[in-house]
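Hi there,

Here is the structure I promised to pass on.

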Amino acid sequence: MIRVVNPQKNELLEVKVDLSVSFRKQGSQLREFHNLKLERNMVFFFPSVWMIGHPIDMKSLLYKMTEKEVEERNVEILVMIKAFDESSSLTLYSRFFYKADEIV
């Protein structure tokens, strides 16, 4: 789960999120990139806080991945957010990267 907060007093509309995972291929320095399925990838109205969730089930690439594997394969999570700011009439973009040592 990732908690996203809107620290501004403005309201964001049509907020969309993409969650990706990146890790080294086993026995290589090359990286793989994959989109992760979300419980919900869009909210129409985002006044303050949103909890973004990826179910780690048998279909998830993270399923049964140990803490050691996360570190060895240098797993990174990428969060991309797009929203419309009604106060400025602008489309906003934001991205966050979480490295292996930041993933719980």
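Before that, a word on the source. This is a predicted model, in which local features need pLDDT of at least 70 and side-chain atom pairs count only at pLDDT 80 or more, while totals for chains, interfaces and linings use all residues. Residues are numbered from 1 along each chain as its sequence is written, and side-chain values use heavy atoms, with hydrogens and water left out.

**Overall layout**

The chain has one helix and seven strands, where helices (H or I, at least four residues) and strands (E, at least two) are DSSP runs numbered from the N terminus. Along the sequence they follow the pattern β-β-β-β-β-α-β-β. The C-alpha trace spans about 50 × 25 × 20 Å along its principal axes. Of the 104 residues in the chain, 32% are buried; here buried means under 20% relative accessible area, exposed means over 50%, and partly exposed lies in between, with a 1.4 Å probe and protein chains only.

**The salt bridges**

Side chains of opposite charge can pair when their charged atoms come close. Glu72 is partly exposed at 45% relative accessibility, whereas Lys68 is exposed at 57%.

The other pair is Glu76 with Lys99, with 3.3 Å between the closest N and O atoms. This one links distant parts of the chain: Glu76 belongs to strand E6 and Lys99 to the segment after E7, 23 residues apart. Glu76 is buried, with a relative accessible area of 17%, while Lys99 is partly exposed at 43%.

**Contacts across the sequence**

Another pair to look at is Asn10 and Glu86, which are 76 residues apart along the chain but have C-alpha atoms separated by 7.4 Å. Asn10 is found in the loop between E1 and strand E2 (12-24), and Asn10 is buried, with a relative accessible area of 16%.

**A pocket and a patch**

The second largest pocket has a volume of about 250 Å³. The pocket rule works on a 1 Å grid over the protein atoms alone: a pocket is an open set of points where a 1.4 Å probe fits, with protein on both sides within 12 Å along at least five of seven lines, and lining residues have an atom within 4 Å of a point. Grid points are joined across faces, edges and corners, and the volume is the space filled by probe spheres set on the points.

Which residues lie nearest the centre of this second largest pocket? They are Val5, Leu12, Phe46, Ile81 and Ser94, out of 14 lining residues. Strand E1 (2-5), strand E6 (76-85) and strand E7 (90-98) each give two or more residues to the lining, and E7 supplies the largest share, four residues. The lining divides into 10 nonpolar residues, four polar and no charged (Ala, Val, Leu, Ile, Met, Phe, Trp, Tyr, Cys and Pro count as nonpolar, Asp, Glu, Lys and Arg as charged, and the others, Gly among them, as polar).

Val5 also belongs to a nonpolar surface patch of about 410 Å², together with Met1, Val49 and Met51. Patch residues have over 30% relative accessible area and no salt bridge, and nonpolar side chains (Val, Leu, Ile, Met, Phe, Trp, Tyr) are joined within 5 Å; the areas come from the Shrake-Rupley method with a 1.4 Å probe. Met51 lies in strand E5 (residues 49-52) and is partly exposed at 43%.

**Two backbone angles**

Most residues other than glycine have a negative phi. Asn74, in the loop between H1 and E6, has a positive phi near 55° and is partly exposed at 25%. Ser89, in the loop between E6 and E7, also has a positive phi, near 60°, and counts as exposed at 51%.

Terms used: Patches are made of residues with over 30% relative accessible area and no salt bridge: like charges are joined within 9 Å, nonpolar side chains (Val, Leu, Ile, Met, Phe, Trp, Tyr) within 5 Å. A salt bridge is a side-chain nitrogen of Lys or Arg within 4 Å of a carboxyl oxygen of Asp or Glu.
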